[in-house]
Amino acid sequence: MDFAALMSKEIAKAKGPAAPSSGSEQNSSSKSSEKKYIRRADQEAARVAAYNEEQERLEKEREERTTQKRKLEEEEADRRREREDKKRRLAEESRKKREAEEAEKERARRERLGLPELPAPGEKDESDETEGGEDGISDEDLTRKLRELDEPTRLFGETHRGRLRRYRKLTERSLEAQKMSDGPIPTTLELVAEVDMKIPDKAPRDAEGRKFLFRQLASYFNMVLSEWELALAKRDVTVKQSLQGRQAYNAMVQSRENITPLFRKFEKADIDDSVLEHIVEIIHKAQQRRYVDANDAYLRLSIGKAAWPIGVTMVGIHERSAREKLHQGDRQAHILSDEITRKYLQSIKRCLSFAQTRWPPDDQLQIMG
C-alpha cells in the first residue's frame with residue numbers, strides 16, 4: 001500500500017459520518033441546477049393552454065353580450081311592432097271616420113244638387129238602368145234648379161228624363177271645373193309630369209296648343225315653388241329664425257301669392273300675347289339653364305325697348321321724323337301697366353333667381369349677377 005492510498009483511507013475514516021449528508025446536498029444541488037432550465041415544448045404547451053383559457057373566457061363574454069343584445073333587440077322589435085299595430089289601428093279608425101264624413105258630405109251634396117242616393121257598398125247602382133229615373137227629383141224642383149244655372153227649363157220635345165239627364169251633365173261639368181289640383185298654387189288646370197314641362201321657344205297659335213302650354217307653365221311654376229319651399233324647410237332652425245331666414249321665407253310666400261293672378265289668367269286663357277311671348281321665352285331659356293339670356297328676356301318684358309328721352313326732345317314747331325317710335329306699343333314696359341302685372345312679373349324674376357341656385361348652369365357665364 002502506497003502513501004497516497006493510506007492517506008485516502010485515513011481521510012475517509014475522519015469524514016465517515018458526514019459523507020451521507022454531503023451526498024444528499026450534492027443530489028439536491030444537482031436537482032436545483034436541473035430546474036434552472038425548462039424545455040421549450042413545456043413552455044409552448046403552457047402558453048397554448050393559457051391562450052386557450054383566455055379565448056374561452058372571451059368567447060363566453062362575447063356570447064353573453066350577443067345574447068343580451070339579441071334580447072334587447074327582440075324587446076325593441078316587440079315594442080316597435082306594438083307601436084306599428086297601434087298606428088295601424090288608429091289609421092284604420094281615422095280612415096273609416098274620414099270615409100264616413102266624406103260619405104255624409106257627398107250625401108248632403110247629392111241631396112242639394114238633386115242627385116240620387118249613392119248605393120251602399122256591394123249593392124248594384126240602378127241609376128244607369130233607369131237613366132236618372134223620373135222619381136229622382138220632382139218636375140218643379142228640376143225647373144227651379146235649371147233656372148238657378150241660367151239654363152232653359154225645357155227644350156223642344158224634351159221629356160222629364162231628358163231634362164234630368166241634362167241637369168246632371170251640367171252639375172257634373174261644373175264640379176269637374178271646380179276641381180283644383182294639388183300644389184303650392186291650387187289651379188283648375190291639369191298639371192303635367194316633369195318630363196312634359198319642356199316649354200317651346202315660341203307660344204303656339206292654336207287653341208289646343210295654348211291650353212297645353214298653360215298647363216306646362218302652371219306645372220313649371222308649381223314645381224319651382226315646391227322646390228323653393230322644400231329648400232327653405234331643410235334649413236337649420238337657427239337659420240330659419242334669423243332675420244335673413246325670415247326674410248327669405250317671406251319672399252317665397254309673397255312670390256307665391258303674387259303669381260296667383262297669373263294662374264287665373266292661364267285658366268281663363270286671358271293673357272296678352274306680348275306678355276305670353278316673353279314669359280315663354282324666359283321659361284324656355286331658364287329650362288336650358290341660360291339664366292343670363294332669360295334675365296335679358298325679363299328685362300325686355302319689364303322695362304321694354306322704348307327710348308327714354310332725357311332733356312329736350314322737340315326744339316321746333318315741326319315734329320321730328322320717327323318720333324312716334326318712342327312710344328310704340330310693342331316696346332312698352334309691361335311692368336308699369338298695372339300693379340297686378342308688376343307683382344307677378346317680379347315673382348317670375350324671383351323664381352328665376354331661385355332656379356339658378358337649384359339647377360345651376362354648366363356655363364358659369366350664364367349665372368345672373
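How are H12 and H13 oriented to each other? In this predicted model, H12 and H13 pack at an angle of about 175°, and angles over 145 count as roughly antiparallel, so H12 and H13 are roughly antiparallel to each other. Here is a quick tour of that helix pair, a cavity, a pocket and a stretch annotated in UniProt.

**The H12 and H13 pair**

- Two packed helices are described by the angle between their axes and the distance between the axes.
- Helix H12 covers residues 291-302 and helix H13 covers residues 339-358, and their axes lie 11 Å apart.
- On the H12 side, the contact is made by Tyr291, Ala294, Asn295, Tyr298 and Leu301.
- H13 answers with Leu345, Gln346, Lys349, Leu352, Ala355 and Gln356.
- Sorted by class, the residues of this contact are seven nonpolar, three polar and one charged.

**The cavity**

- How many cavities of 30 Å³ or more does a search of the whole structure find? The search finds one.
- The largest cavity has a volume of about 40 Å³.
- Its lining consists of Tyr220, Phe221, Ile283, Ala286, Ile348, Cys351, Leu352 and Ala355.
- H7, H11 and H13 are the elements that give two or more residues to this lining.
- H13 gives the most to the lining of the largest cavity, with four residues.
- By class, the lining of the largest cavity has eight nonpolar residues, with no polar and no charged ones.

- The class breakdown for the second largest pocket is six nonpolar, one polar and three charged residues.

**The annotated stretch**

- An unreviewed UniProt entry lists residues 144-170 as "domain: Pre-mRNA processing factor 4 (PRP4)-like".
- Over residues 144-170, the chain is 59% helix and 0% strand.
- The end C-alpha atoms of residues 144-170 are 14 Å apart.

Definitions and conventions. Residues numbered from 1 in each chain as written. Predicted model: local features only at pLDDT ≥ 70, side-chain atom pairs only at ≥ 80, totals over all residues. Heavy atoms only, no water. Axes fitted to C-alpha atoms, helices over the stretch in contact; angles between N-to-C directions. Parallel < 35°, antiparallel > 145°, perpendicular 65-115°, else oblique. Contact = heavy atoms within 4.5 Å. Nonpolar A, V, L, I, M, F, W, Y, C, P; charged D, E, K, R; others polar. UniProt positions renumbered as here; feature names shortened; annotations may be inferred. 1 Å grid on protein atoms, 1.4 Å probe; cavity = no way out; pocket = protein on both sides within 12 Å on 5 of 7 lines; lining within 4 Å. Points joined across faces, edges and corners; volume = space filled by probe spheres on them.
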